[in-house]
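Visitor: I would like to learn how to read salt bridges and helix packing in a model. Can you take me through one?

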Amino acid sequence: MRQKIAVFLILPSLLLLAFLTVYPILGVFYYSLHAYNLVSGEFKFTGLNEYLSLLKDDVFSVSVWNTVLFSLMATFAQTLLGLGVAVLVNQRVRGKNYIVPLLVLPNMFSVVVVSSMWKLMMDYDTGLLNYILRFLGLPPQAWLTSFELALPSIVLIDTWQWTPVCFLIFYAGLQSIPRDLYEAATLDGASPFRTFRSITLPLLKPYIALVLLLRSIDTFRLFDKVYLLTGGGPAHATETISLYIFKSGLVFWEVGKASAASFVMLVIILSLSALYVREVILK
């Protein structure tokens, strides 16, 4: 009887959750099976043609590659930096209460503020970064307009903003490790590297998995920084799947193609999440 009452109480929440998640997904899949152009008014069932057209679209292929590359570079850079900084701060450092708030400061700014700030600093003629390079006798760089440098530059900006979140998660994990383990390792003569490898890393495994999962999903949805900094250029060098979907659906009004790309992106993210859960969390 108590179980039936519990199910009855949570049923409205489950129905609301299903309406807010399942219904939009089904809607996107429905539109992806139709050629739907808001300008011409064309709306007809085309089956999997929109998906097949994505396979032949070079811009979509480039956007997928850029998204995967950005996600890999940003996720691993932020994870390694966050872990390194957390390990350093977790030592007996004086002024720790002041250092931690300063470290998380970059994540307190909005994406618009961060993008505007870095766009000014990366300006070819008047930016701070090129001023430093010229001061050191090095040639200035076209950080956001170079085909080779544009995507790594956005990785740098994203890493600057989101490493603090990784640091906080790792720092919380380090705080949960009993000090007795480190003291016992010290008494046994273990080196700092051996202590880190045998105690810290194994106990931080769930936190590392969590950071990798959260940052992979978030970086895979990259849109705002690219839109504000480069608009996908130069020559699609920073075009991502999210930007491709935005342009297809809200610039060229090809709702069917945008829906098909959105569904492909959803499948990729779900696959990544399932892989992480199975290989890291459940083991």
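Guide: Gladly. This is a predicted model.

Visitor: Which residue does K247 form a salt bridge with?

Guide: K247 pairs with E239, and their closest N and O atoms are 3.2 Å apart. E239 counts as buried, at 2% relative accessibility.

Visitor: Which residues do salt bridges with shared partners join into one network?

Guide: D158, R215, D218, R221 and K225. Take D158 and R215: their side chains meet in a salt bridge at 3.3 Å, N to O. D158 sits in helix α7 (residues 150-175) and R215 in helix α10, 57 residues apart.

Visitor: Are D158 and R215 buried or exposed?

Guide: D158 is buried, with a relative accessible area of 3%. R215 is buried too, at 4%.

Visitor: And how far apart are the closest N and O atoms of R221 and D218?

Guide: They are 3.0 Å apart, in a salt bridge. R221 is partly exposed at 46% relative accessibility, and D218 is partly exposed at 23%.

Visitor: Now packing. At what angle do α3 and α10 pack?

Guide: About 145°, with the axes 9 Å apart. Helix α3 covers residues 58-89 and α10 residues 205-220. Their crossing is right-handed. The contact includes F70 and T75 of α3, and L212 and R215 of α10. Its residues divide into seven nonpolar, seven polar and one charged.

Visitor: What does UniProt place at residues 64-276?

Guide: An unreviewed UniProt entry places the feature "domain: ABC transmembrane type-1" there. In this model the span is 73% helix and 0% strand.

Notes: Residues numbered from 1 in each chain as written. Predicted model: local features only at pLDDT ≥ 70, side-chain atom pairs only at ≥ 80, totals over all residues. Heavy atoms only, no water. UniProt positions renumbered as here; feature names shortened; annotations may be inferred. Helix = DSSP H or I, 4+ residues; strand = E, 2+ residues; numbered from the N terminus. Axes fitted to C-alpha atoms, helices over the stretch in contact; angles between N-to-C directions. Left-handed = near helix turned anticlockwise from the far one by under 90°. Contact = heavy atoms within 4.5 Å. Nonpolar A, V, L, I, M, F, W, Y, C, P; charged D, E, K, R; others polar. Salt bridge = Lys/Arg side-chain N within 4 Å of Asp/Glu carboxyl O. Buried < 20%, exposed > 50% of the residue type's maximum accessible area, 1.4 Å probe, protein only.
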